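Have a look at the structure first, then read on.

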Amino acid sequence: MESKVPIAPAPSLSAFPSFNGTTDRNLQSPAAKSPAPPTTPLSAQDIRRWRPTAQRNLRNQWSKLAALRTQWLSLSSTARSYATYVVNSYLSQRYMDAMELGILTEMPDIRKKACRKLRKQQETNRSKLLSSYKDMVAVVTQMVSVAKSMRCYLKGTSGTPLTEFSCFPGNQNDTGDCDGIPVFTFCSIFDFEKLAEELVQMFVSETNIKRLLVMEICSIGSEELSQVNGLKWSDHFYVGEFDDLRICNLNSNVVVNQLVPRVESCNSQSTTMQSSQLERNVLQVYLTTWLAEVNVDRFRIGELLAMVGEEMHVTIS
């Protein structure tokens with residue numbers, strides 16, 4: 001069997017939720033679905049009031065993105081530890097008969113007892129791995145939500161003595177970006193959204209790969225251990241997972257068809273030693289791929305946060 005890790009193609013940026021247009025505003029707020037009378041453009045006084053509110057909102061949303069980025073990376077590291085435990089427990093069971101146990105060999109049923117304990121460890125860490133994956137998906141859905149919450153909409157009537165703003169449009173004519181004017185010095189709301197889109201898309205794409213690896217790692221030994229059921233791409237790994245993936249644009253039929261792993265059969269003439277070595281190599285590649293996080297460009301993330309922080313005159317880390 002050829003030892004290749006199924007690397008998932010990243011969803012295109014065009015699949016990321018758009019921030020412009022009437023359709024998107026309707027999706028964001030039920031209030032936008034009701035017909036609204038045309039409104040006059042914001043007055044100079046409203047613009048002066050809009051800018052500090054928009055600046056405050058952008059700082060808050062980018063601080064949230066930075067914190068979620070750190071949280072996701074921490075969860076990914078923890079999940080890899082659980083994945084390593086699952087793999088090690090499985091391999092120890094697989095090669096128990098060939099292990100040298102020294103004086104322990106004389107103990108009654110020592111190998112069976114050891115395998116029983118290793119099986120329990122494998123199942124425990126399998127559950128922890130799935131739980132960590134669930135937390136990672138939850139963080140990504142929050143990232144998507146934050147990236148779509150950078151606009152600042154007028155609440156109420158323009159020109160009133162007390163101008164209020166909201167995260168949701170009050171009418172269909174309010175784009176929430178004050179006609180594209182710079183919020184701080186150079187960048188408009190749209191510019192900040194595009195930068196956020198680029199950052200979030202990295203974690204969306206990497207979560208794609210993580211799901212494949214979780215499926216493969218949690219399924220090892222399922223044909224030998226009746227207590228463990230192998231996972232398939234069409235299974236939900238936890239209740240509500242498909243709804244979360246849909247938010248991240250990871251559960252469309254097109255994506256599913258592209259990501260189904262294609263595992264070729266082993267050569268029937270391969271020796272047991274060759275098959276065993278191949279299996280160890282494949283599992284090692286899985287763990288290495290998890291650690292590599294090829295879709296998360298940390299250098300580029302640092303650049304994005306530095307660019308945004310410089311524009312906002314704050315430090316984002």
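Is Cys218 buried or exposed?

1. Keep in mind that this is a predicted model. Cys218 is buried, because its relative accessibility is 1%, under the 20% cut-off. Cys152 lands in the buried class too, with a relative accessibility of 4%. As for disulfides, a search of the whole structure turns up zero.

2. On to the charged side chains: the salt-bridge count is eleven. One of them joins Lys194 to Glu197, with N to O at 3.1 Å. Both residues sit in helix α4, which spans 189–219, and they are three residues apart, or about one turn of the helix.

3. Glu206 and Lys210 are both buried, and for Lys210 the relative accessible area is 0%.

4. Lys210 has another salt-bridge partner in Glu293, with the closest N and O atoms 3.9 Å apart. This pair ties together distant parts of the chain, since Glu293 belongs to the loop between α7 (272–292) and α8 (298–312) while Lys210 is in helix α4, 83 residues apart. Glu293 is buried as well, at 6% relative accessible area. Through shared partners, the salt bridges connect Glu206, Lys210, Glu293 and Arg298 into one network.

Definitions and conventions
Residues are numbered from 1 along each chain as its sequence is written. This is a predicted model: local features need pLDDT of at least 70, side-chain atom pairs count only at pLDDT 80 or more; totals for chains, interfaces and linings use all residues. Side-chain values use heavy atoms; hydrogens and water are left out. A disulfide is a pair of cysteine sulfur atoms within 2.5 Å. Buried means under 20% relative accessible area, exposed over 50%, partly exposed in between (1.4 Å probe, protein chains only). A salt bridge is a side-chain nitrogen of Lys or Arg within 4 Å of a carboxyl oxygen of Asp or Glu. Helices (H or I, at least four residues) and strands (E, at least two) are DSSP runs, numbered from the N terminus.
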